Amino acid sequence: MPVRTEDLDRVRALPLFASASDDTFRSLTAGAFLQKFPAGTTLLTEGDPVDFLYVLIEGQAELQGTWNDKETTLAVLRPVSTFILAAVVLDADALMTARTIERSDILMLSGEALRRGMMEDPRFGFAVSQELAGCYRGLVRTVKNQKLRGGVERLANYLVAERARQGGGETLVLPHEKRVLASLLGMTPENLSRAFASLADYGVTVHGPEVAIGRPVVLERLAKPDPLIDTRLHPPDHLVGMAEREFRASQAHRKLVSVYN
């Protein structure tokens, strides 16, 4: 379907495209098209060649990996965000499967046009490198979280961050079904249930998707959030793009260090 001007304006505002010249942006979006997908639609499958950069305008998308009949959730994306950028830059096959979780509007930009824009427009090329650097740092944080913390600690940190993101009240609503949450935390659904049960001693009670945090100070003491692992303690939901999120997280850490020094 035709791309609306307001949707192009939202994409133009992304840090990835904000510094591109007008000519570069016109070239990037000249062959673009907007698709509306119902929930549960597979957008691409790992191993497939990647011809487009995907921009999630509305809805939610899940990135998954599989091996030997096993499946895991790698990330859940909210608007406005891009995905499969690294595969597009390298003109490589996808390492992840992408599917919609709910009805979604997705803008698809030509991968060939993006690579050409990177070579012809240095400012745009630098913005792409910044975004990829942000994605890499996000991956390092995820690996540290998985390797340095036990399942209960990972869940505690997730709840501390999610509570902050939802306004810091006594109750939060899990944004994902528990199967997805378990995968994001590197756990099985059974281990997630046991972890929730363990957190009862720290004031956490669960009723379906609603989680009550009765003793937030005690829970945070268990979680020990670390700015070199966690970026959502001061939630950057108004920010878009991994580069900007990492930049703000780095600024917050430097301020914290200066206070204690």
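Me: Is Arg165 buried, partly exposed or exposed?
Reply: This is a predicted model: local features need pLDDT of at least 70, side-chain atom pairs count only at pLDDT 80 or more, and totals for chains, interfaces and linings use all residues. Buried means under 20% relative accessible area, exposed over 50%, and partly exposed in between (1.4 Å probe, protein chains only). Arg165 has 23% relative accessibility, so the class is partly exposed.

Me: Which residue forms a salt bridge with Arg165?
Reply: A salt bridge is a side-chain nitrogen of Lys or Arg within 4 Å of a carboxyl oxygen of Asp or Glu. For Arg165, the closest N and O atoms of the pair are 2.5 Å apart. The partner is Glu162.

Me: Which helix holds both Arg165 and Glu162?
Reply: Helices (H or I, at least four residues) are DSSP runs, numbered from the N terminus. Residues are numbered from 1 along each chain as its sequence is written, and side-chain values use heavy atoms, with hydrogens and water left out. Arg165 and Glu162 sit 3 residues apart, about one turn of the helix. Both lie in residues 151-165, helix H7.

Me: Is Glu162 buried or exposed?
Reply: Relative accessibility of Glu162 is 0%. Glu162 therefore counts as buried.

Me: How many residues apart in sequence are the parts tied together by Asp22 and Arg12?
Reply: The side chains of Asp22 and Arg12 meet in a salt bridge at 2.8 Å, N to O. Asp22 lies in helix H3 (residues 22-30), and Arg12 in helix H1 (residues 5-12). So the pair ties together parts whose separation is 10 residues.

Me: How many salt bridges does the structure hold?
Reply: Glu62, Arg99, Glu177 and Arg179 are linked in a network of them. The structure's total is 13.

How values were computed. Helix = DSSP H or I, 4+ residues; strand = E, 2+ residues; numbered from the N terminus.
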